[in-house]
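Please open the structure in the viewer and keep the selection tool at hand.

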Amino acid sequence: MTNQTALSESNFLDSDSGSKVKKTESLFRVTMLGLSGQQLVPSAAMAAGALPLYAGNGSWLAMLLALVAALFMSIATNVFARKYVATGSLVSYVGLALGRLPQRVVAASYLTGFLIVCASLSTSVVMFSSSFLHSVGVSFAAANWFQAVSAISISVMAGALTWRGLDASISVTAWLSFLSAPLVIIVGVAAAMNGGVDVVSQLTLEGVSLRNLAEGTIVGLAYFVGCDALAALAAETDNPKKNVPKLLRNVLLITGFAFIGLIMLSCHLMNGQMDALNAGESPTSILATIAGMPYLQKPIDLLLAAAAFASLVAFLNYGSRVFATSASERFLPAVFSSVHPVYGSPTAATILMAASAAVIPLALQIFAGAPPLLSANYLATLFSLFWIVPYVLLSIGAIKELIASNEHNILNVVSIALGGLTFGAILVYYFAIQAEGVFGWLPHIMVGMTAVAYLIIVALERKRPGKI
């Protein structure tokens, strides 16, 4: 099968039966799944606490710059999305523009990244749910054995929902993702009313250095990593070549401005709570206390656990389709290209990703003794690293595609180049800072895992000879 053929397929092809499964999800419904995948409410709350640690009063600008860089990368994605229907997302796009070798590199990094992000999300669910259960008197909720069982149970439930198909996934995640929004908004507004909002200091960037702004932007970019995976659902919308660019733009803008809005509202409050933030207290807990509503922290924890679960389901839906397409292009065994004849879900790929969501957190607890909060921090940083090389190669491929088609204009080329350079600079930064402990090892772990995945891909290709 050629890359061109793989890209032109508008539906999954069942490798056993040869039958196609028709998908016609609306742009609105897939956008809801995209917002679930980006953890709109939990990420907004976490960003409100994380960015002030780095950028202080410049947190809103750092997040805005991160949003612009993410939008630049979406322009690169859209170069291909407007022409081709690709359920392989970045893997397919880079292969089309740059050939097999760069495509292998992207597949090795991208596919490994999806396994890590699923583990990160299941760990987040365990973190929020354990916090809630412990706060209501379930003493063993913080025990290692209970959290291990929770990770397995959560992953099985998310996998089962993904197996049931995109329609069921969207119907459930749309509710779970946004149930926490009213309480978070109430707590945020009440806290701002009690503690004040210092807009002037933020707009004048009082006390903010260029380094603060740069580090805050790097942290902010992590909140947008993975949004491109929405392109994997292209074949399941009613007008994919038109809808995917809209989908990426809508999800990025909605999430970006939600993050910026909550940061502007709470930055002054967080600047006065640095000790609590550094000690690991959650931003929502701090806001609830300042608002005089500590009793809302328990339901917020429960609803944030539901939102994190919705995000896990969303990424299982994205990733399983990328894995299925990658299998059809010989990067994975053929079994991973199989699709359920009724529900249209990639079956073996869903099982693989759900297993990763269960096994990796379990291993971190057993062998590294890492509790959910620490595991979530490790995994969230690690998975964002796996997207950097694919983004850089995507930007190169997009510029090449624009020049070859004579459709380029200088603004698009410059925007895409800036996006690629920004993410390339992030990788250099991670190696340059030489952080201590586990965080210092994460870039090296990413490179090592990508290299191993690349060798596995090469070995699999040799076992499945044929035309690419």
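**What covers helix 11**

Begin by selecting helix 11 together with helix 3 (40-55), helix 4 (59-81) and helix 19 (410-433), which are among the elements that cover the buried residues of helix 11. The model in view is a predicted one.

Which residues of helix 11 are buried? They are Leu213, Glu215, Gly216, Thr217, Ile218, Val219, Gly220 and Leu221.

Now turn to helix 19, one of the helices that cover helix 11. Select Leu411, which lies in helix 19. Is Leu411 buried or exposed? Leu411 has a relative accessible area of 60%, and it is therefore exposed, since exposed means over 50%.

Finally, display the whole protein chain. The chain contains 20 helices and zero strands. Of its 468 residues, 58% count as buried. The accessible surface of the chain comes to about 18,200 Å², and carbon and sulfur atoms account for 68% of that surface. Among contacts between residues at least 6 apart in sequence, 83% join residues at least 24 apart.

How values were computed:
Residues are numbered from 1 along each chain as its sequence is written. This is a predicted model: local features need pLDDT of at least 70, side-chain atom pairs count only at pLDDT 80 or more; totals for chains, interfaces and linings use all residues. Side-chain values use heavy atoms; hydrogens and water are left out. Buried means under 20% relative accessible area, exposed over 50%, partly exposed in between (1.4 Å probe, protein chains only). Helices (H or I, at least four residues) and strands (E, at least two) are DSSP runs, numbered from the N terminus. Contact means heavy atoms within 4.5 Å. Accessible areas come from the Shrake-Rupley method with a 1.4 Å probe; for residues, only the protein chains shown count as cover.
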